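Dear colleague,

Please find below the structure I am handing over to you, followed by an account of what was found in it.

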Amino acid sequence: MGRGKRMLEELDADIREHIERETQDNIERGMSPEEARYAAMRKFGNVMRVKEETREVWCSTWLDELWQDLRFGLRMLRKSPAFAAIAVLTLALGIGTNTAIFSVVDAVLLRPLPYNDPSRLVWATEHFGFGPSTVVSADFPAWKERNHVFEQIGASGGTGGANLTGAGEPTRVTVNNVTTGFFSMLGVEPIVGRAFLPSEGKKGQEHVALLNEDLWRSRFGADTRIVSKAIQLDGTTHTVVGVMPASLRYPRADVWTPLALDDEIFSPHSPRWMMLAVIGRLKPRMEMRQAQSDLQLLTQAMNKQYPPQASRFREHVAVEVISLHEVLVHNVRSLLMILLGATGFVLLIACANVSNLLLSRGVARGREIAVRVALGAGRLRLVRQLLTEGLLLVVIGALLGSVTGLWATKILKELIPAGLPADMHLDQRIFAFSAVISAVALLIFGLVPAFIASRTDVNETLKEGGVHLSAISGTHRLRGLMAAGEIALSLILLIGAGLLSRSFLRLMEVPLGFDPNHLLIATVARPLTVDFNSQLHAAFFRDSLQRIRSLPGVTQAALTERYPLGPFRNATRIVHVQGAEDFRPMQPVSVTAISPDYFHLIGVRLLSGRTFSEGDVADTQRVAVLNQRLAHMIFGDRNALGQHIGFGPPPAPWSEIVGIVADMREDAIEREPAPELFVPYTQHPSFVMSLMLRADSNPEALASAVRSAVASVDKNQPVSEIMTMDEVLANSVAPRRFRALLLGLFAALALLLAAIGIYGVIAYSCSLRTCEFGIRIALGADRTDILKLVIRQGFGLTVIGLGAGIAGAIGLTRYLSSLLYEVKPTDPLTFVAVSLILSAVALVACYIPARRVAEVDPMVALSTNRSGPQ
Amino acid sequence: MSTKEERERIELLQGTLDLLILRTLVRGPAHGHAIAKAIEFNSDEVLQVEQGSLYPALHRLIKRGWIAVEEGTSENNRRAKFYRLTTKGRKQLKVETSKWDKLAGAIARILRPAE
């Protein structure tokens, strides 16, 4: 370019030189100087144009033309701001929703876990044909010592809780036990202090703790001097050795302590085992399949070591090895794919809409294009011009969409599983995705109309006064099909959203079996101290209950180990029946310790017999209450009252069945009531109990009174969690509600866009036929005939769209089936209702332009010779 | 506006000017005005070159590397810019000439098929 620049700088001088020479020549031929100069100028031609053209030689022509196209495009968009605004907003919606959902998909599914070489991290578990998938602690030493597949292997126990005292207000924290090498295996370093030493995985050395960064900041003021200080967990002193970053979300806990591998729980002969989650780092190039068979052999070899009574549950043990990432995202994968599909539909609809708009304009601009072709514009250049206009729309739309989309990601955070160490980043990946879908959108909506418009026949178009009829009829069919396609896609989304909403409504109608109004639940976990005395705990809870009962505003109060729809804290036991020792119950049964008035408080009906009384205490006959389902499961139609059952590790004393209560939804609203067994807490003391009260008005207002009531019994006792039953209910349906809302939102967007789409097609066709309708009216046609004519056209498109949409929905809704409750994926009611709604919307979208054209004055209509809407 | 004489002149086809410039420079370097004069003179004044259009063409040829430019003094001792054919330009001239011959032949055959 330097050479060109110099040449251009000298161009003026060169031209002057040239003209002077020519003038000189002319003078020599005998002209007067004035004449000679004039002739020279004329012979040279237009100096400005010469300079312009010479300059163009040096400019990069491609960029130059693009710039021209852009400027022209901007001018065209500015000339029709309504068109530009609708197109840009439509694209912004399409691109924005896709960017938002993609940023979640990227964070959850596409990004590797933020651990060292995460592809080699796997999750290994045992399946026993019943109960949760877990690894029995007694198998872990064999896995650790004798496997041939792992570079490192670590285990974590289930997350429990402990009372943190000695650092301000006593508080409940979650505690997780991990093997000492766990964090180094993940490749996560503490931000303060050090991780556990191997020696700390031995009994007697394990009283050390790593704090979660969040707890460290909130509780210890982010003080780095916390290292080597002591904290009290359930009254036991632990020395803090370090702080782990908050970004480490697996395994979730406030505090981590080491698992002592020489503990009794790691022996096959232990009276109790621990359930472990096992993570391993595969050796390089080791496959998960190999790891699985290796661990399977080790586990089967372990069977011999167990006492004979364990053989029944050991005989079908199967080991499974899956990637850690897969385990963490498993629950949301299908939901995310569904949402991505839904937003894809929204984008397609948006593209079809913009395409339609461009086609209308393309035809309307027929004259302009024809003139440009006649003046020598190349077809390719024209296509490029139209594409550039599309590019402008898409770029503005994408910018707008990305901004709103990224804002929307704040709401979408809920889609990220809590245990997944993933955050949404707005980085070049998201923008690249945005750019790619914008480009795809541009190709979809931009090329077709650009190509069609550029095929304009010059002569015909100019003759027809700007409207080329064959071009219109050709594009008209295409436009109609696109509108029908929009209806089909939005119908599929609406049906999906309808199915989810109906599931949600079905769920809200489910009789819970208890009365959730005005309930407050305060959960208190007693410290698991060395001098654990269950009767002391029972006394603590009795005292707390009494104080809460006497609080003003409390009408009733009771204790339960587990509250409906709450976390599963109590034990499950195999039940035996006295006199029917051969009876083998199908499944372990949930055993809940309660205070006598629990059923009365929560509103569960007593069907027969009695509930517990104050007389059922530790040293009287053990008693139990069954729910209806359990009574039926064990005794069928026989009378259960007075029978004796045993549960728990032998030798469990027999308990007399004194009552049968109605079933309630304990596990989840959507889960059928499970067989349940209730026992008095005085006979089966538990260290974690929920104090439940019914208030005469707003239960939330009693929260602080409950806290102080508990503290007045034991000043070191925090309340772990305090919630109203309304909150518990809301939380339990929150994911379902969120999914229904999200898909509903996308479906509503789709419906809106499709309505705009069909409106656009009908309005455009009306404006083209204004003249025709004018003639019809002038010749005596009724205005309602015109109205019918137009609406019939729109209705035809709608019917085609509905047909295609229903077919598509039947094919696609089965992917939703795992998210539905008591609603079939092909629920006829939803299909019919949604189709009716969509038809109504489509009819309104047709009616508006139809009425306008039916009311047209024939004189005005006949005098317009216009090419279409601008 | 146009005189009879001018109407008999032939407007240059696109790209033809490039060819003519290259041909003119075979005889040696020349400045802009001289090139214009030479084209006019050699075609017995049939070819009408709007002299200004020479300049975009010259710049185009420089950009393509077919001609080069050098400073010099003209016959009457004035400063002037001389354009000179490069080796690349010489080759290109051959290509263009043969293309032109083919085209001219083809057109001639179409216009006078009987002859």
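The model is a predicted one.

Domains 4 and 5 of chain A were examined as a pair. In the contact, domain 4 of chain A supplies 8 residues and domain 5 of chain A supplies 7. On the domain 4 side, helix 22 (residues 725-768) of chain A gives the largest share, with 4 residues. That side of domain 4 of chain A is made up of 7 nonpolar residues and 1 polar residue, with no charged ones.

Helix 22 of chain A also packs against helix 24 (residues 783-812) of chain A. The angle between the two is about 145 degrees, and their axes are 11 Å apart. The crossing of these helices is right-handed. From helix 22 of chain A, the residues in contact are Ile758(A), Ile762(A), Ser765(A) and Cys766(A); helix 24 of chain A contributes Val790(A), Gln793(A), Gly794(A), Leu797(A) and Thr798(A). By type, the residues of this contact divide into 5 nonpolar and 4 polar, and none is charged.

Turning to chain A as a whole, its secondary structure comprises 26 helices and 24 strands. The radius of gyration of chain A is 38 Å, whereas the globule rule gives 29 Å for 870 residues; chain A is therefore more spread out than a compact globule. Its C-alpha trace spans about 135 × 75 × 55 Å along the principal axes. Of the 870 residues in chain A, 44% are buried. Among the contacts in chain A between residues at least 6 apart in sequence, 83% join residues at least 24 apart.

The remaining point concerns the two chains together. Their contact takes 19 residues from chain A and 14 residues from chain B. On the chain B side, the elements giving two or more residues are helix 3 (32-42), helix 4 (54-64) and strand 4 (79-85). Helix 4 of chain B provides the largest share of that side, namely 6 residues. The side of chain B that touches chain A consists of 4 nonpolar, 6 polar and 4 charged residues.

Yours sincerely

Technical notes
Residues numbered from 1 in each chain as written. Chains lettered and ligands numbered in written order. Predicted model: local features only at pLDDT ≥ 70, side-chain atom pairs only at ≥ 80, totals over all residues. Rg over C-alpha atoms; globule rule 2.2 N^0.38 Å. Buried ≥ 20, exposed ≤ 12 C-beta atoms within 10 Å, placed from the backbone. Contact = placed C-beta atoms within 7 Å. Nonpolar A, V, L, I, M, F, W, Y, C, P; charged D, E, K, R; others polar. Axes fitted to C-alpha atoms, helices over the stretch in contact; angles between N-to-C directions. Left-handed = near helix turned anticlockwise from the far one by under 90°.
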